[in-house]
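Please examine the sequence and the structure shown below before reading on. The paragraphs that follow lead from a single side chain to the sheets and helices around it.

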Amino acid sequence: MKKVLLLAFLTLSAPAWAAKFGLVLHGGAGTISKANLSKEQEAAFREKLAEARDAGYHVLETGGSAIDAVTKAILILEDSPLFNAGKGAVYTFDAEHELDASIMSGKDRNAGAVAGVKSVKNPILAARAVMDRSPHVMLSGAGADAFAKDAGLETVDNNYFNTDFRRKQLDKAKASLETSGTLTDPDYKFGTVGVAALDKKGNLAAGTSTGGMTAKRWGRVGDSPVIGAGTWADNKSCAVSATGHGEYFIRYHVAADVCSRILYRKQDLSVAAKTVIQDVLLPAGGTGGIVAIDHMGNIALEFNTEGMYRAWRLSNGKQGVAIFKDKDEQ
Ligand code: ASP
């Protein structure tokens, strides 16, 4: 009898798993509407997002770790010129490229990050190397590049990151700075990539990579390499990657705040994500969004901009790619 009661109790109190494993990713948030994206561009984005998603999912499906799935998916997005990360990184004011990236493991809250690197081809691999092969969490500038080189990572000339499209964005941004003293185009900072994953063992991980902000100066560093702001993972709560106006994401500690609400306030992931992005960040003036997955396989894709490039795939069969605010899943 006791055994039957115990079994009934365990069944009733067992967590309702949304999915045993899966991942969610973004390719930046901003003024992304059907009007300013051609059919061909839209198709190219959807294809690349699905490719990265499926490659990350394959890692999870074949028993790989969340941290490996995050790394794999981000590598694909970094190598695509479509996104403001790796190959498609934006230009600094001085017409160079300075890249930021971070990664975090939810199992042990180990983390690695690089800020302002100029010659490592894939900044996410440098962040991963900082986590796995150094006693530090964040390295910056020339030191971070030297570390990446010593770690045997592929290096490139800074002009490897040059693209015509981003160069035009810089010219536009500089013209706007000259005439109005400010950057009038709201998209001078968008296009970051990030992934959050849950593996079969129940481990969470997240990572983010970016070129930062067009026309950034003075060694500006955004939220993407800042653990707790742009990236966070803790097996007790959730894994988050953020994208948006970095200064606000740092000040509002966005990625970690979402997970803290789950841990301390017992909020659902969807409530926590919505509260932080819509009720805290937006009224403060912060635009952008997050993708997140919790330890039970629930996901959130929350943003307060017109669109956010995003994709997800879960072991319960749910999957999709979306770009705009209105329902446009495919
Ligand atoms: N958060 C990045 C930064 O401020 C930019 C972005 O996500 O679009 O550097």
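The side chain of threonine 192 makes a polar contact, at 2.7 Å, with the side chain of threonine 210. A polar contact is a pair of N or O atoms within 3.5 Å; within protein, one must be able to donate a hydrogen and the other to accept it, and residues adjacent in sequence count only if both atoms are side-chain atoms. The model is predicted, so local features need pLDDT of at least 70 and side-chain atom pairs count only at pLDDT 80 or more, while totals for chains, interfaces and linings use all residues. Residues are numbered from 1 along each chain as its sequence is written, and side-chain values use heavy atoms, with hydrogens and water left out.

Where does threonine 192 lie? Threonine 192 is found in the loop between helix H6 (164-180) and strand E5 (193-198); helices (H or I, at least four residues) and strands (E, at least two) are DSSP runs, numbered from the N terminus. Because its relative accessibility is 4%, threonine 192 counts as buried, a term for residues under 20% relative accessible area (1.4 Å probe, protein chains only). Beyond its neighbours within four places in sequence, threonine 192 is in contact with several residues, among them His26, Asn84, Thr208, Thr210, Ser224 and Thr243. Contact here means heavy atoms within 4.5 Å.

Eight strands form an open sheet with mixed pairing, in the order E4-E3-E2-E6-E5-E1-E11-E12; two strands pair if DSSP finds at least two bridges between them. At its edges are strand E4 (138-140) and strand E12 (319-324), each of which pairs on one side only. From one strand to the next, the twist averages 5°. E5 pairs with strand E6 (residues 204-210) in the antiparallel sense over six bridges, and glycine 194 stands opposite threonine 208 in E6. Helix H2 (residues 39-61) packs on this sheet, touching strand E1 (22-30), E5, strand E11 (307-314) and E12. The direction of H2 makes about 145° with that of E12; such angles run from 0 to 180 degrees between N-to-C directions, and axes are lines fitted to C-alpha atoms, for helices over the stretch in contact.

Helix H4 (residues 123-133) is mostly covered: eight of its 11 residues are buried. Those residues, including Ala126, Ala129 and Val130, pack against H3, strand E2 (99-105), strand E3 (110-117), E4, helix H5 (141-150) and E6. How are H3 and H4 arranged? Their axes are 9 Å apart, and the helices pack at an angle of about 150°. H3 and H4 are therefore roughly antiparallel to each other, the term used for angles over 145 degrees.

A second open sheet has four strands in the order E7-E8-E9-E10, with antiparallel pairing. Strand E7 (231-233) and strand E10 (299-303) stand at its edges with a single partner strand each, so one side of each is left without a neighbour in the sheet. The twist here averages 10° from one strand to the next. E7 is joined to strand E8 (residues 238-244) by three bridges, and tryptophan 232 has valine 240 in E8 as its bridge partner. Helix H8 (residues 254-265) lies across E7, E8 and strand E9 (288-294), running at about 145° to E8. Helix H9 (residues 269-284) also packs on the sheet, touching E8, E9 and E10, and its direction makes about 15° with that of E10.

Terms used:
Angles under 35 degrees count as roughly parallel, over 145 as roughly antiparallel, 65 to 115 as roughly perpendicular and the rest as oblique. Buried means under 20% relative accessible area, exposed over 50%, partly exposed in between (1.4 Å probe, protein chains only).
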